[in-house]
Each structure stands twice: as C-alpha cells, then as structure tokens.
Amino acid sequence: MAHLYVNSRGTPWRKHSYSAGNTFDQCPYKYFLQKVLGWRERDNKGRFLFGKALEESIQFHHDHGGEGAVEDFKRRWAVHQEDGNISYTDQEKNWENCGIMGTDMIKLYVAVQPTLPIPLGGRSVFQREYAKEVFPGDPNYGDIEDAGKLDIVTYVEPYHEKLPKIEWKPEWGVVRSVIVDIKTSALDFPEQPGMAALDTQLRRYSWLSGIRDVSLLWFVKNSVAAPKKGTQITFIEPRGSYAAGTEAIVAKIDGDYLWIVPSEFMVLEMDKAQGRKADKLDQTDEAKQRAQNWLDQFAAVVPLTSVTRQRLQFNAGRVSEQSANDAGRIAARQIVGIVNAWKNNEWPDTFGIRYPKDDRNDSFFRAFSLGDEAYKKANFTKSDEKAFDDLFQEDTQ
C-alpha cells in the first residue's frame with residue numbers, strides 16, 4: 001500500500017492535512033524533522049492554549065443550551081495560572097491579561113451568537129472530520145488520504161442575512177451547510193464581504209467536504225487597559241440604540257462611564273465644537289462646556305462594564321467549484337512531493353532569511369538550521385513511544 005513516509009516507530013503514514021502540506025511547502029527539512037523524526041515544540045505557547053480554551057468554551061455554550069460559557073472559560077484558563085513555563089506574546093503579556101481577553105471574547109460571542117449562522121439546538125456540529133482519498137487506485141499514491149477536522153459545521157436557513165446572497169435551489173434541501181473556522185489573532189481580518197472564500201484552509205475544507213459556504217469567526221486580541229478618548233470599543237450588551245456586537249468610539253471618559261459616538265469623525269466634530277488655541281484644544285471652562293454640550297446632544301453614556309476592547313469579526317464567502325478543486329490539486333501536488341522526498345531521502349532545507357522568504361522567527365529554523373542547542377533543549381521535545389500516536393494525528397486546525 002502507498003504511504004507518505006514511515007515514521008520512526010516503523011509505521012507507514014497515509015494521512016495528509018492542510019497544515020502538514022503547508023509545512024512541507026515552507027521547508028521539506030522542517031517536515032522531515034516534525035513528521036518523520038517526531039520533533040515538536042513543547043506545549044508552552046500561550047496563544048495555542050488560549051485558542052484551545054476559547055474554542056472549547058464556545059462548544060460548551062452550544063452543548064449546554066447557551067448557558068455557562070463564561071464560567072467554563074474561566075475554569076479552563078485557571079488550569080494554566082501557576083504554569084511559569086508558558087510564553088506569551090507582547091500583546092498577551094501574561095496569564096491574567098489573557099484571562100480578561102478571553103472572558104470578554106466569550107461574553108461577546110454569547111451576546112452576538114443569536115445573530116450569527118451558528119445556531120443552538122444541535123444544528124451546529126463541532127470538530128467534524130472529513131477525509132478523501134486523493135489518488136484512488138494509484139499504485140504510487142493510492143490509499144493516501146487528505147483529512148481535515150472542521151471547527152464547526154452548521155445547518156441554517158438558506159437566506160440567513162450573514163451569508164452570501166444566492167438563489168437557493170429546492171433540490172439543495174431545506175437547510176444550508178456552512179463551515180465555520182475559529183481563529184484568534186492580534187490583527188483584524190479584512191472587512192470586505194466574501195473574503196473568507198479566498199482563505200486557503202477554508203478552500204481545502206470546502207474541497208474535502210463538498211460544502212461551498214465557508215466562514216471565519218475571527219477574535220481580535222486587543223489591550224485590556226482602560227479605554228481612552230479615540231479608543232474603539234465593542235458592546236457586549238445592548239445599550240440604547242447600540243446592539244450587542246456594535247463597534248463605536250470613546251469620546252470621553254467619566255469615571256466608570258464612557259461617552260460613546262459611532263465614529264472617529266464624530267470625535268473630530270466634538271473637538272471642533274470645543275475649539276482650538278494654536279495647535280491644541282482650547283482648555284478654558286467655556287470651551288469644555290461647548291464640548292459637553294455637543295456630547296449631550298450627540299453621544300451616549302454607557303457603563304464601562306458594557307463594552308470591551310476585544311473584537312469579534314464574522315466573514316462568510318462561497319467557494320466556487322473551481323476554487324475548491326484547485327485546493328484539491330494543491331493537496332495532490334504536496335502528496336506527490338512528500339512521497340518522492342521519502343523515496344529518494346531528499347528533504348532540502350529551504351529556510352530563508354530575507355524577503356520574500358524570511359523564516360528567522362521560525363522555531364525549527366532557530367533550533368535545527370542555526371543549531372541553537374540551548375534553544376532546542378528548552379523548546380523542543382522528541383515524542384516517546386506513548387505520545388507518538390498523538391503527534392501524528394495531524395493538526396489540521
């Protein structure tokens with residue numbers, strides 16, 4: 001039977017994935033180290049642990065009728081409180097900050113979930129697995145499957161307002177299937193409608209599953225510091241004309257309350273009403289009163305507890321048949337390359353150090369290409385017999 005490679009336990013491996021293919025395309029040597037020899041990074045990165053806890057609490061929300069997700073996240077995150085080996089990004093800073101971020105993100109999700117095509121009541125299936133043999137019957141590449149574990153597959157009414165508008169055909173059934181991929185990031189996702197359909201991972205999932213509607217549930221990590229004038233915030237509960245999930249701008253801080261306006265332009269209008277002296281805002285009592293009068297007319301006052309600096313974006317798109325098939329062709333090309341690399345024992349080190357291929361921040365580059373033994377010892381482990389099977393259950397998320 002055909003296989004991709006034989007791992008160090010002597011087991012032929014026949015399961016390919018999106019993430020494994022990305023690793024091979026980035027650097028065959030890295031793929032060899034990770035998949036064939038069994039080297040892996042230690043489970044000490046805050047962003048991975050945070051993302052896992054967030055996803056599991058979202059699933060908890062759906063499994064328990066929309067109740068208890070905030071408390072569930074707090075329980076899951078509390079497990080890591082005393083772990084001094086976790087590394088955090090500059091944005092995350094530490095365990096406490098991540099706890100505040102995650103709590104607010106879950107509150108935000110709970111508030112907006114009813115408006116999303118991610119329904120309760122068993123119509124959202126979590127961790128749905130798909131697999132497809134890429135070269136059926138081929139003597140060289142047959143029996144090798146491309147596999148993916150999808151965060152969520154949902155079943156919604158065909159004309160949900162958050163999905164691309166299409167003319168739904170009766171023969172397609174009474175519900176519309178949607179792939180939802182959950183991501184956390186320090187960067188915003190492009191706001192343009194339909195962009196999710198161009199995501200390479202979602203295109204691959206579409207090819208695997210046959211589901212054409214794909215979406216990203218995108219959580220943006222922001223500072224947990226108190227907001228300032230000009231800070232963008234998101235409502236985690238409805239207040240006046242602002243629905244939960246609505247984004248707005250802070251115009252003024254007043255103790256435990258904020259004066260909120262819909263846009264940055266409105267802040268400029270407030271400043272215009274206050275007036276300037278030279279290059280600075282006029283700070284006379286009369287000028288400040290003019291600004292307050294403007295706020296009384298155009299701004300809303302809300303408690304600080306009703307908003308967060310964290311963001312939640314939802315973007316849905318529809319993958320064309322050609323785009324999905326192109327994703328399948330990419331999987332086929334990768335499988336051919338991996339099989340031939342194994343047969344010929346050729347795993348070239350293609351790491352680079354400058355644009356457009358700068359891999360200097362890659363942990364495998366530092367540990368193995370640069371030969372930083374101290375870093376390797378601190379950040380990598382080689383799978384033992386017990387953990388080996390877990391390692392080779394492809395990380396397709």
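Asp72 and Arg76 sit four residues apart in helix H4, about one turn of the helix. They form a salt bridge, with the closest N and O atoms 2.6 Å apart. A salt bridge here is a side-chain nitrogen of Lys or Arg within 4 Å of a carboxyl oxygen of Asp or Glu. The model is predicted: local features need pLDDT of at least 70, side-chain atom pairs count only at pLDDT 80 or more, and totals for chains, interfaces and linings use all residues. Residues are numbered from 1 along each chain as its sequence is written, and side-chain values use heavy atoms, with hydrogens and water left out.

**Helix pair H3 and H4**

- Helix H3 covers residues 46-63, and helix H4 covers residues 69-78. Helices are DSSP runs (H or I, at least four residues), numbered from the N terminus.
- The two axes come within 9 Å and cross at roughly 150°. H3 is therefore roughly antiparallel to H4 (angles over 145 degrees count as such).
- Axes are lines fitted to C-alpha atoms, for helices over the stretch in contact, and angles run from 0 to 180 degrees between N-to-C directions.
- The crossing of H3 and H4 is right-handed (the near helix is turned clockwise from the far one by less than a right angle).
- On the H3 side, the contact residues include Leu49, Phe50, Ala53 and Phe60. On the H4 side, they include Phe73, Arg76 and Trp77. Contact means heavy atoms within 4.5 Å.
- By class, the H3 contact with H4 has eight nonpolar, three polar and four charged residues. Ala, Val, Leu, Ile, Met, Phe, Trp, Tyr, Cys and Pro count as nonpolar; Asp, Glu, Lys and Arg count as charged; the others, Gly among them, count as polar.

- Asp72 is buried at 4% relative accessibility, whereas Arg76 is partly exposed at 28%. Buried means under 20% relative accessible area, exposed over 50%, partly exposed in between (1.4 Å probe, protein chains only).
- A network of salt bridges links Lys52, Glu56, Asp72, Arg75 and Arg76.
- The whole structure holds 24 salt bridges.

**Salt bridges at Arg290**

- Arg290 is partly exposed, at 32% relative accessibility.
- Asp282 forms a salt bridge with Arg290, the closest N and O atoms being 3.8 Å apart. Asp282 is buried, with a relative accessible area of 10%.
- Glu286 also forms a salt bridge with Arg290, and the closest N and O atoms are 3.8 Å apart. Glu286 is exposed, with a relative accessible area of 60%.
- Glu286 and Arg290 both lie in helix H8 (residues 285-298), four residues apart, about one turn of the helix.

Key:
Helices (H or I, at least four residues) and strands (E, at least two) are DSSP runs, numbered from the N terminus. Angles under 35 degrees count as roughly parallel, over 145 as roughly antiparallel, 65 to 115 as roughly perpendicular and the rest as oblique.
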